[in-house]
Amino acid sequence: MSLTRRTVLFAAGAAAGVAGAKWLGGSPVTGTAYPPAVDAAGKTVLNDASLLNPTPVAKHITINADPTAELIAQLRVELAEAKAAGRPFVASAARHSMGAQSLARDATALTLDQTWIEPDTAAGTYRVAAGARWGEIIRRLDEAGFSPKVMQSNNDFGIASTFAVNAHGWPVPHSAFGSTVRSLRLMRHDGEVITCSRTQNADQFNLAMGGYGLNGVIIDLDVEMVPNKRLIPTYETMAGVDFGTRFVEALKADERIEMAYGRLDITLESFFDEALLITYVPADDQSDLPAASGSGFISKASRPLFRHQVDSDTVKGFRWFLETEINPVLSSGGVTRNSLMNEPVITLDDRDPTRTDILHEYFVPPERFGEFVAACNDVIPSSYQQLLNITLRFVDTDTDSVLAYARGPRIAAVMLFSQEMTVRGEADMARMTSALIERTLDIGGTYYLPYRLHAEQAQFERGYPRAGVFVSGKREADPDLMFRNALWDRYMAHM
Ligand SMILES: Cc1cc2nc3c(=O)[nH]c(=O)nc-3n(C[C@H](O)[C@H](O)[C@H](O)COP(=O)(O)OP(=O)(O)OC[C@H]3O[C@@H](n4cnc5c(N)ncnc54)[C@H](O)[C@@H]3O)c2cc1C
């Protein structure tokens, strides 16, 4: 596609949203914390990572305690109080979901921020409090010589949230995080605590995995871990359309690969034309592993470059050159699994009060990835949105969750857009998201649920064909509908 046609498409897309450039939201907060505010009526107002969901709540409780009998007793009291007052009850950790999946108006809102972790090195598992953050989990497993088997790419989130959205990351060749959870304790609407696993209360286990907290509050979990290792990367470039099949081939050809991800060129002139695949295998030398580091110098130094990509093809092109030509030379040495996964969200924070970062994610059958590239070419450059990054992962089939997004092996395409916080920015984002979802559904893929609620109802039901089963299971598990959030209200309350 020529620049001229792109410019025309972009202008047309922008024009669709230009009417009324009205600024949305209150004062955005930078960093990973979205601290409670108080509105004019004196009510506590919570928000999530989108900064677009200010939600007044009736009561906000933060719990730091270990998951003991006292904590369970305290939760029972809060749950009973909310039930008596006819309020919804919603549990959360970092509120990095972006469509108020962790929020409900006039609810009792629970923030879990805990540190309790007990690794069992003989069993290769750890027991962990629901609100433990991944940064702390990595620190504790690292000390014991272990590493999370699967987690998402940032370390700020809570582990029960990771289960409740069934997040995935770049450890391969696994399915999502839920596949590494052996069991959990769940508090039901009436305060009863049950143990759920693949053999005990399996129906509740499968509802809770990727079930957005809608069948109860997770208290703690029993999760698999693997030995931490020093890994060595290999870089390979290829045509963007070939990435899906090549990724799967690469994983099949070398069973030693433990972590892998891909990137696509996002410059408008060569949009998604070229892909980069990075695979990591264990180094020969596994002696003297260093303690897990935080963000590396390169990650921190790349923030200004990352941000200057907004409206600049030159900077996007320069970043692609660094990723494909310079990074392979600079990063050819070993790095541990834990250091790779120990990245906080703040590293790339935009520090711009007029814009917000919005994530999208699509799950595409590998053999149809070329058609996904074509769909993105048709939809993204003509929009008003600024795509700053796309990361590609492999997620194997999810055989457990009722609301499964990987109903076969999938390439997960995670996109980070910088969105203007205006009415026009929001309208354009909604239009573009719906178009991308439609095209992805048409090729047998689906979209991810923890982000903005821009899918149409029919798209939700097509993308999650067992939604009806989920809704009846939830109604049975929670007959008074205590556990509600915006995802439930928007798509499922009326099903
Ligand atoms: C910068 C960024 C990067 C991301 N990267 C990835 C990625 O690599 N892979 C990926 O898959 N996803 C990714 N995500 C999505 C992310 O995994 C989800 O948004 C996740 O929910 C964030 O965790 P949280 O602690 O903020 O969850 P919250 O937003 O606090 O909660 C998410 C959901 O979990 C439920 N929940 C939380 N705690 C409990 C509990 N104790 N019991 C029952 N339900 C509970 C909440 O009610 C809510 O529905 C990313 C998001 C962002 C913003």
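Arg95 lies in the loop between β5 and β6 (108-112); helices (H or I, at least four residues) and strands (E, at least two) are DSSP runs, numbered from the N terminus. The model is a predicted one, in which local features need pLDDT of at least 70 and side-chain atom pairs count only at pLDDT 80 or more, while totals for chains, interfaces and linings use all residues. Residue numbers start from 1 along each chain as its sequence is written.

Arg95 is not a glycine, yet its phi is positive, at about 50°. Arg95 is buried, having 25 other C-beta atoms within 10 Å. Here a residue is buried if 20 or more other C-beta atoms lie within 10 Å of its own, exposed if 12 or fewer, and partly exposed in between, with C-beta atoms placed from the backbone. Leu51 is another non-glycine residue with a positive phi, of about 65°. Its place is the loop between β2 (44-46) and β3 (55-57), and Leu51 is buried, with 23 other C-beta atoms within 10 Å.

Two strands count as paired if DSSP finds at least two bridges between them. Val90 has Ala109 of β6 as its bridge partner. Both strands belong to an open sheet of 3 strands in the order β4-β6-β5, with parallel pairing. β4 (59-63) and β5 stand at the edges with a single partner strand each, so one side of each has no neighbour in the sheet. On average, neighbouring strands of this sheet are turned by 20° against each other, direction ignored; the axes are lines fitted to C-alpha atoms, for helices over the stretch in contact, and angles run from 0 to 180 degrees between N-to-C directions.

The largest share, 5 residues, comes from α4. Of the 34 residues around the ligand, His96, Gln152, Ser161, Ala167 and Gly213 come nearest; a residue is near a molecule or strand if its C-beta atom, placed from the backbone, lies within 6 Å of it. By class the shell has 18 nonpolar, 15 polar and 1 charged residues. Ala, Val, Leu, Ile, Met, Phe, Trp, Tyr, Cys and Pro count as nonpolar, Asp, Glu, Lys and Arg as charged, and the others, Gly among them, as polar.

The loop between α4 and β10 (181-187) contains Pro173. The peptide bond from Val172 to Pro173 is cis, with omega near 5°. β10 itself runs antiparallel to β11 (residues 193-197), and 5 bridges join the two. Met187 stands opposite Val193 in β11. The hairpin of β10 and β11 has 5 residues between the strands, and Gly191 there takes a positive phi near 90°.

Two helices remain. In α6 (residues 243-253) the buried residues are Phe243, Gly244 and Phe247. They lie on the same side of α6 because they cover an arc of only 105° around the axis, the arc being that of the directions from the helix axis to the C-beta atoms. The face turned away from the buried side of α6 carries the exposed residues Glu249, Lys252 and Ala253.

Ser339 is found in α9 (residues 337-341) and counts as buried, with 23 C-beta neighbours inside 10 Å.
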